[in-house]
Amino acid sequence: MYRLSTLISLLVLGLISGCAVPKNNYQPVAISISDPPLGSVNIKRVGDEMLRQGRYREHDALHVQAVLKPHWAYTVYPGYFLKSGEDDSGHYFRIGYAGEDSGYVEKALLADPYQSLMVKKDGNVLCVVTVFNATGCLNGVNSGFEMTKKPIVSQDAVQRTLIYSGKSGNKINIGYREFAGNLAVVGFSNNVEYDLNESMRIGYKGAELDVIEATNTFIKYKVISNFNNAVK
């Protein structure tokens with residue numbers, strides 16, 4: 001039985017079209033964001049973010065848009081795959097690391113485990129790379145996928161926001177939230193009330209806004225400063 005499964009595995013490898021060694025030499029670009037821009041006038045409704053600031057990584061990615069079969073033993077399902085590296089032959093992408101909208105790969109029962117996806121630089125061909133560095137590649141029309149950019153928020157990247165919470169009399173309510181990755185930071189959420197009779201300029205943690213008009217459904221304001229000096 002062992003010899004039979006080994007033979008079948010070797011036959012599968014023999015039918016795969018080439019070889020490649022996945023690379024891990026890619027680093028995403030870290031980007032600071034500060035939105036809306038300083039000096040801009042904006043209108044937001046209750047529950048909307050008035051200010052947003054933080055960092056994210058802009059990651060090269062493969063976006064698979066349709067079910068694809070680079071080889072009879074492997075099926076690639078739609079979603080994103082983050083780039084891990086490249087060499088003279090192609091771009092390599094991790095399987096299963098792109099968050100909730102990750103794509104995934106299924107293999108036939110006796111096929112060798114996969115380790116990466118590859119897009120060849122010569123002809124823009126999609127391939128599955130096995131743990132033995134063998135490749136199974138699409139033949140014919142190579143469509144249903146594209147190289148793109150995907151923003152990734154890391155777990156150590158703090159995002160800060162101010163949220164409009166409405167108006168009572170001549171007082172407005174603003175919510176402050178901090179997020180690490182996609183999770184709210186415990187102890188770093190607050191709700192603040194501002195009396196517009198005292199001043200039309202409001203501020204929190206270095207952020208300053210000039211309120212132009214406010215109702216219980218929307219606020220119109222000008223951005224004077226954000227939480228810090230990050231720029232988009």
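Visitor: In which strand is Glu-178 placed?

Guide: Glu-178 sits in strand β15, residues 171-180; strands here are DSSP runs of E, at least two residues, numbered from the N terminus. Before we go on: this is a predicted model, where local features need pLDDT of at least 70 and side-chain atom pairs count only at pLDDT 80 or more, while totals for chains, interfaces and linings use all residues. Residues are numbered from 1 along each chain as its sequence is written, and side-chain values use heavy atoms, with hydrogens and water left out.

Visitor: What makes Glu-178 count as buried?

Guide: Buried means under 20% relative accessible area, exposed means over 50%, and partly exposed is in between (1.4 Å probe, protein chains only). Glu-178 has 7% relative accessibility, so it counts as buried.

Visitor: Which side chain makes a polar contact with the side chain of Glu-178?

Guide: That's Tyr-176, at 2.4 Å. A polar contact is a pair of N or O atoms within 3.5 Å; within protein, one must be able to donate a hydrogen and the other to accept it, and residues adjacent in sequence count only if both atoms are side-chain atoms.

Visitor: Why is Thr-75 called buried?

Guide: Thr-75 comes in at 11% relative accessibility, so buried is the label. Thr-75 belongs to strand β6, residues 74-77, and its side chain has a polar contact of 2.7 Å with that of Lys-69.

Visitor: Why is the pair of Tyr-77 and Tyr-104 called stacked?

Guide: Rings of Phe, Tyr and Trp (its six-membered ring) pair if their centres lie within 6.5 Å; planes under 30 degrees apart count as stacked, over 60 as edge-to-face and the rest as tilted. A search of the whole structure turns up 3 aromatic pairs. For Tyr-77 and Tyr-104, the centres are 4.6 Å apart and the planes are at 10°, so the pair is stacked. Tyr-77 lies in strand β6 and Tyr-104 in strand β9, so the pair ties together parts 27 residues apart in sequence.

Visitor: And what is the angle between the planes of Tyr-176 and Tyr-204?

Guide: It's 40°, with 4.9 Å centre to centre, and that pair is tilted.

Visitor: Where does Lys-150 lie relative to Tyr-80?

Guide: Over the face of Tyr-80, at 5.3 Å from the ring centre. A charge sits over a ring if NZ of Lys or CZ of Arg is within 6 Å of the ring centre and within 35 degrees of the ring normal.

Conventions:
Helix = DSSP H or I, 4+ residues; strand = E, 2+ residues; numbered from the N terminus.
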